[in-house]
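Please look through the structure below with its charged and aromatic side chains in mind.

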Amino acid sequence: MSKVLHAAIKGRVQGVGYRAWTLGRARELGLLGWVRNRRDGSVEAVFKGDDDKVVRMLEDCRRGPRSAVVSEVVATAAPDESWPDFSVRPTA
């Protein structure tokens, strides 16, 4: 079964390689979607894939890369779009 979730990630998550780490991890898990920085200092992402892999990605996002300090990850349902892969989007 497939799941699509939007994740809002807060803490020290910019300037620490969080987007690159997310890109690599999502691709390892075979997920579709995207990740980007937000002007407010947070990171947001949309993950689409098998339920267990999306849940695993969210758990991994709570830790992030070594230099990150994640204070909060809020996941909500997101509309299903046809992403061809997992990518980094420009800051919004």
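In this predicted model, a search of the whole structure finds seven salt bridges. One of them brings together the side chains of Glu 28 and Arg 25, with 2.8 Å from N to O. These two residues lie three apart in helix H1, and they are therefore separated by about one helical turn.

Asp 60 counts as buried, at 9% relative accessibility.

A salt bridge between Asp 80 and Lys 48 has its closest N and O atoms 2.7 Å apart, and it too links distant parts of the chain, with Asp 80 in the loop between E4 and E5 and Lys 48 in strand E3, 32 residues apart. Here Asp 80 counts as exposed at 52% relative accessibility, while Lys 48 is buried, with a relative accessible area of 17%. Salt bridges that share partners join Arg 25, Glu 28, Asp 60 and Arg 63 into one network.

Asp 60 leads on to helix H2 (residues 51-61), whose buried residues are Val 54, Met 57, Leu 58, Asp 60 and Cys 61. These residues cover an arc of only 160 degrees around the axis, which puts them on the same side of H2. The buried residues of H2 pack against strand E1 (2-12), H1, E3 and strand E4 (69-77).

Turning to the aromatic rings, a search of the whole structure finds two aromatic pairs. Tyr 18 and Trp 21 form a tilted pair, 5.4 Å centre to centre and with 55 degrees between the planes. Both residues lie in helix H1 (residues 18-28), three residues apart, about one turn of the helix. Tyr 18 is buried, with a relative accessible area of 1%, whereas Trp 21 counts as partly exposed at 23% relative accessibility.

The rings of Phe 47 and Phe 86 have their centres 5.7 Å apart and their planes at 10 degrees, so this pair is stacked. Because Phe 47 lies in strand E3 (residues 43-50) and Phe 86 in strand E5 (residues 86-88), the pair ties together parts that are 39 residues apart in sequence. Both Phe 47 and Phe 86 are buried.

Notes. Residues numbered from 1 in each chain as written. Predicted model: local features only at pLDDT ≥ 70, side-chain atom pairs only at ≥ 80, totals over all residues. Heavy atoms only, no water. Phe/Tyr/Trp six-rings, centres within 6.5 Å; stacked < 30°, edge-to-face > 60°. Helix = DSSP H or I, 4+ residues; strand = E, 2+ residues; numbered from the N terminus. Buried < 20%, exposed > 50% of the residue type's maximum accessible area, 1.4 Å probe, protein only. Arc of directions from axis to C-beta. Contact = heavy atoms within 4.5 Å. Salt bridge = Lys/Arg side-chain N within 4 Å of Asp/Glu carboxyl O.
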